[in-house]
Amino acid sequence: MSIPRFRTSINDYLEGLPEPVLIRLYYSPATCLAIFRLLPAMAQLFIMTMLFNDKPLEATDLNGWVQDGSTPKQYEALEKLRGMHLIKESQGTISLQKTFRAGLRNALTGGDHNNSFGIPCNTEDKHKVDIKFLDEHANNQWELILHFMVGTDTGKVPNNGVLSLLRHSGLMEGSAPSNMLITNAGFQFLLQDVNAQIWTLLLQYLNMSEDLQMDAVEVLHFLFMLGSLELGQDYSLVALSPTQKIMLDDLRDYGIVYQRKSSSRRFYPTRLATTLTSDTGALLTASASMDSAISQKERETGFVILETNFKVYAYTDSPLQIAVLNLFVHLKSRFVNMVAGQISRESVRKALSNGITADQIITYLTVHAHPQMRKSIPLLPPTVVDQIRLWQLEMERMKIVEGYLYSDFSSKNEYDVIAGYAHDLGVMAWEKPNKRMFFVTKEGNQQIVDFVRRKVHGGA
Amino acid sequence: MNAVDGSSHVPQVGFASELEQELPSLLVLILDTSPLGWGTQSPPISLHEAVASLLIFINSHLALNHSNEAAVIASHTNCIKYLYPVPGEDYSILAPKSTVTSGTESSEEMIPNGQSNGDNGTPNDASMYRQFRVVNESVMKQLELLLSGTSTSDIEHNGKISDTTLISGALSTSLAYINRLVGGVNDNGPKLRARILVVSVCSDLASQYVPIMNCIFAAQKMKVPIDICKIGNNTVFLQQAADTTGGVYMHLEHPRGMIQYLMTAFLPDRALRKHLVLPTQSSIDFRAACFCHKRIVDIGYVCNICLSIYCQPPADGSCAICDTIFDPKELADLLKKPVVVTTTVPKTKTKKKKKKDSDATPNFTPGP
Amino acid sequence: MPRAVKGVLVECDPSIKALIINLDSKNHNVVLADLDDEHLVIEERMVEHVKRELDSQLAENTFKPAELDDIQRK
């Protein structure tokens, strides 16, 4: 699934930020709320307990509160909170980071005066647009990018901002629009659902914005704000900073917001924006409803029929979908409203060597299965699913680890001490005590060498 | 070229456990709005303060997960009412640009609603996340309507002010609501985990013994825990409700700190509760109410056919529920007052006689 | 005093291991240590060579249905 991947990546990004930057982020209640939602459930609970409690929490109280068997979850939660600098620990007590506490409190009680949830326009828009129009707009913009990536000839080329983002993110290579080619990462990107695709691009946008001297905090504030806006409502540009106004231009190109013209004083978020932070979306429904909402043509999300004899029939005339299918299916014939093809060892191997995983293929087929297929349980023929997995296993016949092989220990004791140390460091890749040999990873080797020197010199 | 090497996509760890938690949850909050119940609290907490805490609590619940849902049902003296979602209203379209009329007490800053500055027709929408605002505005507005529409005749019962509340009605409504949302159209398993939280101030619920017990068993069957947040005196049946369904029962010693109780004990959803040590009841009041006078009894009489409970043997000699006619002789024996005796000999005699009688059928055995 | 050798640990099934040993048998410049049935340490600069050789040998040993050949001919 692509959703957890997004989770980890936005989380990783946030955890990588230095404390002062994070604290600046927490000034916005909308951001506090969005970040809160990214946390594991246990961490959320700890925050809630401390939120309205003026006294700091005793660390030992937590131990008594969590079941004995679930201590790892408790540590995981605390680790996460520390990583995001959400808690302060001193002398056995834990308290919430002050800014975050105030921000989240404001988000929950509605005491926010930063307008972090966006200011709706209070005047009537003369050129008012409806939700259907916004969906179409988002759809067109987004598909334009995807079509460009698969090389469909639509006669239109996305704006330079989009092109440089695609290049910067490594999804495409090439200097001019005419010679840009999709990369392996680009293929994987195409197989994700829309929400994950947007986040992939937005994270790249974040990385790029730092190079462009844009303030990451403002960029994030804006992104998290977009996620909390209302579809169909127009919002005023008044509260936006100059950076955020520049961003608006870029986001318009992705179809995330709609502005009638760039000088307009108002903007509309599209469905791409309002579903940004609704990551879980009740299992498949977020992406499924997204798909159905986004493409008027394919009201019924599924269009692919997969048979037990590995034949694939796809009822689509979208060049984009056909291009995606072509990544792992031998397409044999094409009709007005459908294409037919066969999944074969070669076609899957081609996909696998492009960096697409078996699971991605299977997820894609599951998500896009024709309603007719949904009647059968399991959804996809198990023979085909198993075979695709087997093909992947066949490709992955070995695993390699770079590092150092240790041997010729003088005594069992020496071996045990050093091997134990390697275990503690977590760098042990392979060991065989009766042969007195072990293999450590490249990263851990230096520490082992130092340890051996200390031991030998200390002992001698 | 790297095709033979599988090290590049080694599966990520710690993955499945997260997915299991991802199931969003539905919280149905039943708020006891009985005027007398709130009026007689000591230490006092006003309905207004409690609602402020509850709204923050609902917001927190919604904040946990984007797909979490909430419903609020008021359990009044003579009716129940959906405070959110109001039947027939569509919340997916834009909220109308008018706010609720400010209540008389809305000077309190804790009220999580833009209403205090929203009197000029343009609410400060930016101050609150949309999902929260929709729920909060709806609850405040409907509550206002409910309370302003309540006249003294509604709360009077047989000439005196009734302090009861229709908890049983609210419970069955919420179970029906949960059933509709959770067990509905979707065939690939439940998409929501539901639970009920009852905020109760009333102590006297004996008149609704049977319907409440039926709701409890229905909830148990649907695997819906009923949490009880109790303000004021303990109520017998609600303890049983929490105990039977695996919910949390908590009696608020300091109702003013309600928000902290809510956040700590009632916020975790079912998936998380497995990992926590939650407050448990040391002693549960398992007493029942009799079917004849709705009195709570320690020891009563039980019909040996249908197990109906009576506080005293029925006057007409037959069970009011299943119409079993009891042996008049047995009934007479049961109604016998203890005989005050001076000597020891007759005492053993009466004992013997009682024992013999109780073996006969149909009889009427004293039960707990 | 223990001895450390720089190399690349390869984890694979015995059949693949046999193929690697076979590669090594020509010049003895690939395998540094034969650890057990499923583990080998090989020369770091030979990793790409080994992967390439394995890929081509495995491809030779797979059965291709006639139908697929048809497609490729077209």
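1. Buried residues account for 41% of the 460 residues in chain A; a residue is called buried if 20 or more other C-beta atoms lie within 10 Å of its own, exposed if 12 or fewer, and partly exposed in between, with C-beta atoms placed from the backbone. This is a predicted model, in which local features need pLDDT of at least 70 and side-chain atom pairs count only at pLDDT 80 or more, while totals for chains, interfaces and linings use all residues.

2. Chain A has 21 helices and 15 strands. These are DSSP runs numbered from the N terminus: helices are H or I with at least four residues, strands are E with at least two. Among chain A contacts between residues at least 6 apart in sequence, 67% join residues at least 24 apart; two residues are in contact if their C-beta atoms, placed from the backbone, lie within 7 Å.

3. Have a look at helix H4 (residues 41-51) of chain A. Nine of its eleven residues are buried, so the helix is largely enclosed by the rest of the structure. Among them are A:Met42, A:Leu45, A:Phe46 and A:Ile47.

4. Chain A also holds an open sheet of four strands with antiparallel pairing, in the order E9-E10-E12-E11. Strands E9 (304-306) and E11 (330-334) of chain A stand at the edges with a single partner strand each, so one side of each is left without a neighbour in the sheet. Strands count as paired if DSSP finds at least two bridges between them. E9(A) and strand E10 (residues 311-314) of chain A pair over three bridges, and A:Ile305 has A:Tyr313 as its bridge partner.

5. In chain B, strands E11 (residues 300-303) and E12 (residues 309-310) pair in the antiparallel sense over two bridges, with B:Tyr301 opposite B:Tyr310. Five residues lie between the strands of this hairpin, and B:Leu307 takes a positive phi near 65°.

6. Finally, the cores. A nonpolar core is a set of buried Ala, Val, Leu, Ile, Met, Phe, Trp, Tyr and Cys residues joined through C-beta atoms within 7 Å. The largest has 184 residues, and those with the most contacts inside it include B:Ile30 and B:Ile73. Helix H3 (residues 47-64) of chain B supplies the largest share of this core, twelve residues. A second, separate core of 32 residues includes A:Ile448, C:Val8, C:Leu9 and C:Val31.

Technical notes:
Residues are numbered from 1 along each chain as its sequence is written. Chains are lettered from A and ligands numbered from 1 in the order in which they are written.
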